[in-house]
Each structure stands twice: as structure tokens, then as C-alpha cells.
Amino acid sequence: MATTATPNTIAIHGRSYVLAWVGANAAHLVAEAAAGDEARAIIGHAGAEPNPAYDVDDVTAASWSARTLCGRDDWFMCPTEAGRAFVSMWNGREDAVLAPSCKRCLAILDKQFAAPDPAERLGWNVIRAMEQLGEWGCVHVLGVPADQAELLRKRLRAEARQRGWKFQSRVGDGQLIATSENALSAERRELVMAESMRRIQVVNSGAQLGEPAWRFPWS
Ligand SMILES: [Zn+2]
């Protein structure tokens with residue numbers, strides 16, 4: 001018996017999408033249906049006979065969005081090497097479709113992944129971080145939500161540039177660490193050095209050291 005073909009799905013950023021035609025011009029993307037949303041199977045037409053090359057469960061499970069990302073309904077799966085999802089005179093005569101090509105679907109996909117919504121706390125944390133960067137030349141934000149880390153870094157970099165400050169940063173493990181080597185005036189730099197020395201002495205004397213102002217939690 002021939003091996004079972006895999007339906008024409010691709011994974012993008014950890015989510016699965018069906019490559020789909022509406023007509024046969026552009027290959028659209030159909031996302032997995034979210035819980036509670038209207039869902040349909042890859043074979044969406046009553047009476048269509050499943051292509052035996054595919055596992056019948058794969059093509060009849062109602063786990064896909066009723067519409068393409070760009071909002072078209074009545075989609076059907078683009079062919080793979082094994083053909084369309086249902087028995088068709090075209091099976092074996094069409095090239096496999098390997099990638100999405102609908103510009104609107106791709107634009108929507110970009111938006112979904114490139115720009116998470118800024119959290120309510122973002123603006124406040126930017127203000128606070130810039131204050132600390134200006135006073136201490138460094139800042140360390142703890143507990144940054146994963147989807148906000150790059151946004152926070154981007155906003156801080158933009159703010160630093162506006163002020164003519166150099167900016168270096170690192171994000172990961174829910175933390176953002178940023179430094180600027182020229183944010184401090186000469187007088188301020190002396191104060192910061194003095195404060196660093198004081199903190200080292202406190203540690204050396206075995207006393208408890210309070211959290212510095214430049215290290216603070218996201219919320
Ligand atoms: Zn589309």
C-alpha cells in the first residue's frame with residue numbers, strides 16, 4: 001500500500017496553515033480555527049470524494065478556519081504531489097503548491113507576528129527606564145513579558161537615539177539590560193562611580209544592599 005500523503009499545510013511561527021485556492025490564482029493561507037470559532041474540514045464540499053492518497057481523518061477533521069486570512073470563504077486545499085484533497089480530474093496534472101502567494105494573506109500574517117500590541121505597562125516602563133538610563137547609564141528591567149521584550153528594546157533605542165545617546169541592550173529570559181556609554185554628563189559620571197564604590201564597600205562589609213533604582217520589575 002502506498003504511503004499516506006500529508007495534506008498541504010505549512011507551519012509558520014509554530015502555527016499550522018492550509019495552503020488554499022479560491023479559484024486557482026493565488027495560494028491563500030487558512031489558519032487553524034480558534035476554540036469557539038466556526039470551523040470546517042479541508043474537504044468542505046458535501047459529496048466530494050476524499051482523495052485516497054490522504055488519510056481520510058486528516059482531510060475531514062473540522063479544525064480549520066472557515067475563511068482564508070484575507071477573508072475568502074469557499075477555499076479548497078492547493079495540490080501537493082499527491083494532488084488535491086478530493087478525487088479530481090486534475091490530480092496528477094498540477095504542480096504542487098509549496099508556498100503562499102496571496103499578498104493580502106501575507107500582509108495579515110506579517111502584522112500578526114511582527115507587531116504585538118504594546119502592553120498597557122509599556123509606556124510607563126519606557127519612561128522609567130529612560131530616567132534610569134539618564135541617571136545611571138544603565139538599566140535592568142525584570143519580568144518583561146516575552147511578547148513585549150522587543151517592543152521595549154525598540155522604544156528605548158528610539159528614545160536614546162533622539163537624545164543622541166549610544167545604546168546597547170540585551171533581552172532574554174524575561175529581562176532587558178541596557179547601557180549607554182555617553183548618557184551621563186562628566187559630573188554625573190563621577191557621582192555614579194562614587195555610588196558604585198559605596199555599594200561595593202557595603203557588600204564588602206557584609207551589610208544588606210538595597211535594590212538599585214536602575215533595576216526594577218516590569219510591573
Ligand atoms: Zn488570501
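Student: Which domains does the domain assignment give for the chain?
Tutor: Domain 1 covers 9-114 and domain 2 covers 120-217 in that assignment. Keep in mind that this is a predicted model.

Student: What separates the centres of domain 1 and domain 2?
Tutor: The two centres, taken over C-alpha atoms, are 47 Å apart.

Student: And what radius of gyration does the chain have?
Tutor: The chain has 27 Å, while a compact globule of 219 residues would come in near 17 Å. Along its principal axes, the C-alpha trace spans about 80 × 35 × 30 Å.

Student: How many helices and strands are there in the chain?
Tutor: Five helices and 10 strands.

Student: How much of the chain counts as buried?
Tutor: Of the 219 residues, 28% do. As for contacts between residues at least 6 apart in sequence, 65% of them join residues at least 24 apart.

Student: Let's go to strand 2. Is it mostly covered or open?
Tutor: Mostly covered: strand 2 takes in residues 15-21, and five of its seven residues are buried.

Student: How does strand 1 run relative to strand 2, and how many bridges join them?
Tutor: Strand 1 (residues 9-12) and strand 2 run antiparallel, with four bridges joining them. Isoleucine 10 has tyrosine 17 as its bridge partner in strand 2, and isoleucine 12 stands opposite arginine 15.

Student: What do strand 1 and strand 2 form, and what about the turn?
Tutor: They form a hairpin with two residues between the strands. Histidine 13 sits in that turn and has a positive phi of about 50°.

Student: OK, how does strand 2 pair with strand 3?
Tutor: Also in the antiparallel sense: four bridges link strand 2 to strand 3, residues 28-31. Leucine 19 has leucine 29 of strand 3 as its bridge partner.

Student: How many bridges join strand 2 to strand 6?
Tutor: Two, and strand 2 runs antiparallel to strand 6, residues 76-77. There tryptophan 21 has phenylalanine 76 as its bridge partner.

Student: Which residues touch the most other members of the largest nonpolar core?
Tutor: Val18, Ala20, Leu29, Val30 and Met77, out of 26 residues in that core. Strand 2, strand 3, strand 6 and helix 2 (103-114) each supply at least two of the core's residues. Strand 2 gives the largest share, with five residues.

Student: Now aspartate 74. Where does it lie?
Tutor: Aspartate 74 is in the loop between strand 5 (64-65) and strand 6.

Student: Why does aspartate 74 count as partly exposed?
Tutor: Because aspartate 74 has 13 C-beta neighbours inside 10 Å, and partly exposed is the class between 12 or fewer (exposed) and 20 or more (buried).

Student: Switching to cysteine 138, where is it found?
Tutor: Cysteine 138 is in strand 7, residues 138-142. Cysteine 138 is partly exposed, with 19 other C-beta atoms within 10 Å.

Student: Which residues does cysteine 138 touch?
Tutor: Leu133, Ala178, Thr179 and Trp214, again not counting residues up to four places away in sequence.

Student: Last one, helix 5. Why do you say it lies largely in the open?
Tutor: Because the number buried among the 19 residues of helix 5 is zero.

Student: What should helix 5 span, and what do its ends give?
Tutor: Helix 5 runs over residues 186-204, so at 1.5 Å a residue it should span 27 Å. Its end C-alpha atoms are 27 Å apart, which agrees.

Student: What follows helix 5?
Tutor: Glycine 206, with a positive phi near 85°.

Methods. Residues numbered from 1 in each chain as written. Predicted model: local features only at pLDDT ≥ 70, side-chain atom pairs only at ≥ 80, totals over all residues. Pairing = 2+ DSSP bridges. Core = buried A, V, L, I, M, F, W, Y, C linked by C-beta atoms within 7 Å. Domains from an automatic or database assignment. Rg over C-alpha atoms; globule rule 2.2 N^0.38 Å. Contact = placed C-beta atoms within 7 Å. Expected span 1.5 Å × (residues − 1).
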